[in-house]
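Reader: I'd like to learn how to read a few features off a model. Can you take me through them one by one?
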Amino acid sequence: MTWRILTSLLDIFIIAFIIYYLLNIISGTRAVQLIKGLILIFAVALLSQLLELNTVNWFLDSFLTIVLVALPIVFQPELRRALEQIGRGGFLKEHFWQNWGPKEINDIISAVTDLAKNKTGALIVISRRVGLKNYIETGIELNSKISKQLIISIFQHASPLHDGAVIIENGRMQAASCFLNLSTRSDINPRLGTRHRAAIGITEESDSIALVVSEESGVISMAEDGKLRRDLDEGELRENLAASFEKSKEKSFMRRHI
């Protein structure tokens with residue numbers, strides 16, 4: 001009897017953990033609204049069964065069948081992101097930070113700060129565990145060391161590479177003028193431009209970090225997990241980057257220069 005109680009509790013705990021994990025993954029995405037709608041439909045369907053409203057029940061059953069077939073197509077980005085996060089796992093983390101050092105971090109922060117002072121628009125994507133090869137291939141290959149001067153020169157208006165994003169992966173500037181998918185979320189401030197929507201979009205699809213400099217205001221923003229933090233100064237940018245990297249080695253790179 002005791003063993004059955006323990007296994008039942010374990011069963012409940014595992015299911016609760018899975019639900020909690022999935023809710024964290026979809027938090028802040030359009031899938032949240034979908035789940036609310038499905039819960040409402042299921043509630044109405046249950047009520048129609050209890051009241052023996054056969055026509056309503058038939059209609060809702062047919063509608064739910066169509067919705068369940070369409071879900072993988074409509075919410076393909078969210079499903080891919082969820083599967084990528086499950087594949088990365090929280091327990092088996094890779095040493096993806098080996099090619100980085102304090103100089104690379106400082107060059108990025110210093111370049112973004114200078115671009116902001118001059119109101120030069122910029123979009124920099126920092127890849128972490130999920131590779132961005134499909135986006136890198138849309139741009140012009142660089143495969144160069146991270147350099148403040150190079151970042152600044154790329155985003156000058158006279159540069160042919162200033163449109164699009166610079167993607168940094170494995171401690172190197174892999175490509176410039178890369179095209180990113182824009183976020184289609186309806187809750188994004190309509191005053192935000194293409195760069196901000198692209199930054200939010202790439203962080204919805206991967207675990208990357210995106211830094212944005214507004215061309216109009218010079219405001220620095222940072223996107224992560226589909227969420228945008230705006231109006232950051234140099235110190236706040238450094239602190240946010242430090243908080244975003246989980247490993248002790250990554251944190252030590254940042255804290256040496258805070």
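Author: Let's begin with a loop: K119 sits between α5 (102–117) and β1 (122–126). Helices (H or I, at least four residues) and strands (E, at least two) are DSSP runs, numbered from the N terminus. Keep in mind that this is a predicted model, where local features need pLDDT of at least 70, side-chain atom pairs count only at pLDDT 80 or more, and totals for chains, interfaces and linings use all residues. Residues are numbered from 1 along each chain as its sequence is written, and side-chain values use heavy atoms, with hydrogens and water left out.

Reader: What is the phi of K119 near?

Author: Most residues other than glycine have a negative phi. K119 has a phi near 50°, a positive value in a residue other than glycine. D231 is another case, with a positive phi near 55°, and D231 is in the loop between β7 and α9.

Reader: Is D231 buried or exposed?

Author: Buried means under 20% relative accessible area, exposed over 50%, and partly exposed in between (1.4 Å probe, protein chains only). D231 counts as exposed because its relative accessibility is 58%. K119 has 45%, so K119 counts as partly exposed.

Reader: Which residues gather with D231 in a patch of negative charge?

Author: Patches are made of residues with over 30% relative accessible area and no salt bridge; like charges are joined within 9 Å, and nonpolar side chains (Val, Leu, Ile, Met, Phe, Trp, Tyr) within 5 Å. Lys and Arg count as positive and Asp and Glu as negative, while His and the chain ends are not counted. The place of a charge is NZ of Lys, CZ of Arg, CG of Asp or CD of Glu. Here D233, E236 and E239 gather with D231 on the surface. D233 is in the loop between β7 (227–229) and α9 (234–244), and D233 is partly exposed because its relative accessible area is 43%.

Reader: And the nonpolar patch: which residues make it?

Author: L40, V44, L46, L47, L50, L51, L53 and V56 make a nonpolar surface patch of about 750 Å². Accessible areas come from the Shrake-Rupley method with a 1.4 Å probe; for residues, only the protein chains shown count as cover. Helix α2 (residues 31–50) gives the most to this patch, with 5 residues. L40 is in helix α2, and L40 counts as exposed because its relative accessible area is 56%.

Reader: Where does UniProt place the feature "transmembrane region"?

Author: The unreviewed UniProt entry places it at residues 6–23, 35–51 and 57–75. UniProt positions are given in the numbering used here, feature names are shortened, and annotations may be inferred rather than shown by experiment. Over residues 35–51 the chain is 94% helix and 0% strand, with the end C-alpha atoms 24 Å apart.

Reader: Now salt bridges. How many does a search of the whole structure find?

Author: Side chains of opposite charge can pair when their charged atoms come close. A salt bridge is a side-chain nitrogen of Lys or Arg within 4 Å of a carboxyl oxygen of Asp or Glu. The search finds 8 salt bridges. In one of them, K148 pairs with D114, and the closest N and O atoms are 3.0 Å apart. K148 lies in helix α7 (residues 148–154) and D114 in helix α5, so this pair ties together parts that are 34 residues apart in sequence.

Reader: Which residues are linked in a network of salt bridges?

Author: R128, E224 and R229 are. Between R229 and E224, the closest N and O atoms are 3.7 Å apart. E224 counts as buried because its relative accessibility is 11%, whereas R229, at 36%, counts as partly exposed.
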